[in-house]
Amino acid sequence: MKTTIIRAVAALSLAAAALIAPTAANAYTDPAVVTISPSVATPGGVVTFSTSRAAFQGNEDIAISATGTAAKGLALASVTTETNDTLRSQAVNGNLNAQVRFPATANGVYSFTFTGTQSGVVLHASVTVNAAGAPSAPARGGLAATGFDAGSTTGLWLTGAALLAGGAAVGIGTVVRRRRASKS
């Protein structure tokens, strides 16, 4: 009888772990969302990247990399050089606050990566550069929005839990029946 109870508890523990594991995977949150102002840049214009909460350590150095057309022509707004391959900024009390000047030939989508040199925190953002007056989609920062809303999948979770519990009950019942049959 003791082994039956132990096996039943073990089976229920495994079932609970199977239900909790996806929840833990969904618990990740982006360390901070990068806000971009203005949301659409113009060639030769300046864009400010900032965060609303401290994602980096104190006054940590931040390495900035950018990918896009004529990306080597990007410069920090406070730097007067025309070409800067390794852009760097510094966090202010852990917050990102970097102004980037686009070259006059800038055009298209630019992807930015902000990496804290001590903390290793990585933030992403992208900006679309259009000629003045050209329409575009607004710039976005942070993680990509993918998958389902957790609220819309509640029925699936409940159905999965019911199927798992039913399967565990059938499995435990089979083991108990076989043991009783082998003892008699």
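Mentor: Strand β1 is joined to strand β3, residues 46-51, by four bridges, and the two run antiparallel; within this pairing Thr-35 has Ser-50 of β3 as its bridge partner. All of this is read from a predicted model. The two strands belong to an open sheet of four strands, in the order β1-β3-β7-β5, with antiparallel pairing. Because β1 (34-37) and β5 (75-76) stand at the edges of that sheet with a single partner strand each, one side of each is left without a neighbour in the sheet.

Other pairings involve β8. Strand β4, residues 61-67, pairs with β8, residues 108-116, in the antiparallel sense over six bridges, and one point of reference there is Ala-63, whose bridge partner in β8 is Thr-115. Strand β8 is also joined to β9, residues 122-129, by eight bridges, again with the strands running antiparallel, and in this pairing Val-109 stands opposite Thr-128 of β9. The hairpin of β8 and β9 has five residues between the strands, and in it Gly-120 takes a positive phi near 80°.

As background, strands of a sheet pair through backbone hydrogen bonds, while the side chains of a regular strand alternate between the two faces of the sheet. It is to the side chains that we turn next.

Ile-64, found in strand β4, counts as buried because its relative accessible area is 5%, which falls under the 20% cut-off. Leaving aside neighbours within four places in sequence, Ile-64 is in contact with Leu-76, Leu-87, Arg-88, Ser-89, Ala-98, Phe-112, Thr-113 and Phe-114. Ile-64 and His-124 lie 60 residues apart in sequence, yet their C-alpha atoms are 9.8 Å apart in space.

Phe-114, one of the contacts of Ile-64, has a list of its own: with neighbours within four places again left aside, Phe-114 is in contact with Val-34, Phe-49, Phe-56, Ile-62, Ala-63, Ile-64, Leu-96, Val-121, Val-122, Leu-123 and Ala-125.

One aromatic cluster is formed by Phe-49, Phe-102, Tyr-110, Phe-112 and Phe-114.

Several of these names return in the largest nonpolar core, which has 27 residues and in which Phe-49, Phe-56, Phe-102, Phe-112 and Phe-114 are those with the most contacts. The elements giving two or more residues to this core are β1, β3, β4, β7, β8 and β9, and the largest share, four residues, comes from β9. In soluble globular proteins, nonpolar side chains tend to be buried together.

Key:
Residues are numbered from 1 along each chain as its sequence is written. This is a predicted model: local features need pLDDT of at least 70, side-chain atom pairs count only at pLDDT 80 or more; totals for chains, interfaces and linings use all residues. Side-chain values use heavy atoms; hydrogens and water are left out. Two strands pair if DSSP finds at least two bridges between them. Rings of Phe, Tyr and Trp (its six-membered ring) pair if their centres lie within 6.5 Å; planes under 30 degrees apart count as stacked, over 60 as edge-to-face and the rest as tilted. Buried means under 20% relative accessible area, exposed over 50%, partly exposed in between (1.4 Å probe, protein chains only). Contact means heavy atoms within 4.5 Å. A nonpolar core is a set of buried Ala, Val, Leu, Ile, Met, Phe, Trp, Tyr and Cys residues joined through side-chain atoms within 4.5 Å.
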